[in-house]
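Open the model in your viewer and keep the selection tool at hand. Each stop below tells you what to select and what is there.

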Amino acid sequence: MESVPRMPMIWLDLKEAGEFAFNAAVKKSAVSVPRDFEGCSTLRKYLGQLHFLQSRIPMGNGQDAAVPVTWTEIFSGKAVTHEDIKYEQACVLYNLGALHSMLGAMDKRVSEECAAGAFTYLRDHFPHSYSVDMSHQILSLNINLMLGQAQECLLEKSMLDNRKSFLVARISAQVVDYYKEACRALENSETASLLGKIQKDWKKLVQMKIYYFAAVAHLHMGKQAEEQQKFGERVIYFQSALDKLNEAIKLAKGQPETVQEALRFTMDVIGGKYNSAKKDNDFIYHEAVPALDTLQSVKGAPLVKALPVNPTDPAVTGPDIFAKLVPMAAHEASSLYSEEKAKLLRDVMAKIEAKNEVLDQFMDSMQLDPETVDNLDMYNHIPPVLMEKCAALSVRPDTVRNLVQSMQVLSGVFTDVEASLKEIRDLLEEDEAQEQKLQELLGRVPPAPGSPPGLAEVSKECSKYLELHEKASFTNTELHRAMNLHLGNLRLLSGPLEQVRAALPSPTLSEDDKQVLQNLKRILAKVQEMRDQRMSLEQQLREMIQKDDITTSLVTTDRSEMKKLFEEQLKKYDQLKVYLDQNLAAQENVLKALTDANVKYAAVRKALAEVEHKWNTTVQTLVASYEAYEDLMKKSQEGKDFYTDLEGKAAKLLERARAACQASEAHRQQLLESPEGPGGPPEPPAAPPASSSSSLELLASLTPEAFSLDASLKGKQRMNKQNFLQAQPGEGLRGPRPSDDPLSMLDPLWTLNKA
């Protein structure tokens, strides 16, 4: 049967257009359409533009801008005029269905479902009183004819593809059902009167097809029985197919040659099948042949449908040439839709913000930073800041040596200054001691007339330099301490990088610790993934809402359909809402898993925190040592400059001190060598009374070696014969007084005889 000739199909004529005040070029292209799919596209575009125009300008029946619209009625050929733009749309829809019926009747046979869709939309959305060819009965007839012919095309393809016999039988049975519906419409007296002379031709063809495709259905049911080895059923199905085919042949008188050829071909197939099945059953299988009405009837399988028509589909209508004409009602409806979108967004954002707040509070309490929870890799590398310091020291290999030398030079200058100041101080102390001894021998001695106050100035300057030196000594000590503190770090930074890396602390983790850490990282990654997905979905929702503009659809929608349109348009957000709900619902499980992982991580976290603190401290110490180097060198140079200047001043002061001490010593010698001493001889101390008889004994027993001053008199010289007879500073030997007794007036301390 796959090679059976095709049966002819019914197709409809196009209506002819008359007067309509619309764009002449657009109107002409829509009326004089080519008989191909390009013509269908042109009609769809014209239909869409009419819909856009109707939604903006009141051109309906009885409205202010209504204009006459004229089209020719198909069956009578009369011109029908209505002042309603919807009449123009209805006629264009009729022509769209008729053109698809023409294309379906051609060899390609792919367009009947589109024709059925056009007639269905015309029947369901437009008045039936415009003209006879667009009445409810005629449109229902056309729909069933187009669906039957579409199912017939599917049957042809199924037989060519060698589909299963039972499926082919069901498809063929559905063709019969569609044609029966069409035949009932054709037998209606009212429909017959509307159709006129073509009613008989259509009825004969449809009735013939009913019997023909019933025969095809039973033929394939017989093949199904043969496959199941039900040879009795096979005989009755083939016999029934033969009977129905004979009825089709009777009704095919006067039909075109293609119909006769198809019937002859089918007769050869069915007749051969029946004769073979009957002969086999009579001589071989001997199965009882059941009555046809005892077998289950073949139920049709409707595998075609009327394809819906959307007059405002931008894919077929093209750009809206009236886009700039937006009625106020459309703006108001758009505002209402915007409020619906905003309400949807508020509801979704309230859920997201509540979950985000819980998540943020939880993460803050856990104090887990996904970026630093696993910082083990940083211990394998020298930090960049430390690498920078090592690189800087590598180009200055004499850094440590220069610092040590600088501090050694500073120490040398410091020692020299200290020695000079100590010498000055010793000179001053010695001079002071000599001066005190002189005063003890001679009493208070006035300064020599015209002598400069050199020692006082030297002593004053020395005190000032000693004070400066003491303060600088503290600074010098601190500088040496700082140098000793940083010297080891500077040597480390100047050495190989392996030593620097080895000097930095690093953690030691067991396999269990590493497993705990990896598990925590995995869960934290899930938390971040959940956050990112939530933000992405939120952003997608906002962008969709922002770009969602249905003003064009609102313009072409009746006010009564607005609520329904809103509901349909808002459904586009359902998928995103489902994804967001799943994301929000997963948060509780993720946080529970994170809590369990954090409990196990506590001990590892403490150990890592301690190592990280040591590591940071070590790095900061090394960096501080590098940064302190320049400061140490600067302070060392300042110290050298200070002590160099102080050394020069101390040297000059030492010279002055020596000169002043020499002058002071010379002055004391002069006083001691003077016969009168300064200001005349001093009065001798009163001698204790002594008798003349004991004076000689006293003189005989008194020797200078046996005399010494009281040991409690600090700084006093021991008196002997030599220094007793020698003139002391500030005193001279007493001159003789002839009137005195040589022995009675003897002063054992200052003289041995009287002249």
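Start with H6 and H8: H6 passes H8 in a left-handed crossing (the near helix is turned anticlockwise from the far one by less than a right angle). Select residues 165–187 for H6 and residues 198–227 for H8. Their axes lie 8 Å apart, at an angle of about 160°. That makes H6 roughly antiparallel to H8 (over 145 degrees). By class, their contact has 17 nonpolar, six polar and six charged residues.

A note on the model: it is predicted, so local features need pLDDT of at least 70 and side-chain atom pairs pLDDT 80 or more, while totals for chains, interfaces and linings use all residues. Residues are numbered from 1 along each chain as its sequence is written, and side-chain values use heavy atoms, without hydrogens and water.

Next, stay in helix H8 and select Lys 209. Is Lys 209 buried or exposed? Lys 209 counts as buried, at 2% relative accessibility (buried is under 20%, with a 1.4 Å probe and protein chains only). Beyond neighbours within four places in sequence, Lys 209 is in contact with Met 7, Pro 8, Met 9, Glu 152 and Tyr 179 (heavy atoms within 4.5 Å).

Last, select H3, residues 85–105, and H4, residues 112–125. The angle is about 160°, with the axes 7 Å apart. H3 and H4 are therefore roughly antiparallel to each other. H3 passes H4 in a left-handed crossing. The residues of this contact divide into twelve nonpolar, five polar and two charged. Among them, show Leu 93 and Tyr 94 in H3, then Phe 119 and Leu 122 in H4.

Key: Axes fitted to C-alpha atoms, helices over the stretch in contact; angles between N-to-C directions. Helix = DSSP H or I, 4+ residues; strand = E, 2+ residues; numbered from the N terminus. Parallel < 35°, antiparallel > 145°, perpendicular 65-115°, else oblique. Nonpolar A, V, L, I, M, F, W, Y, C, P; charged D, E, K, R; others polar. Buried < 20%, exposed > 50% of the residue type's maximum accessible area, 1.4 Å probe, protein only.
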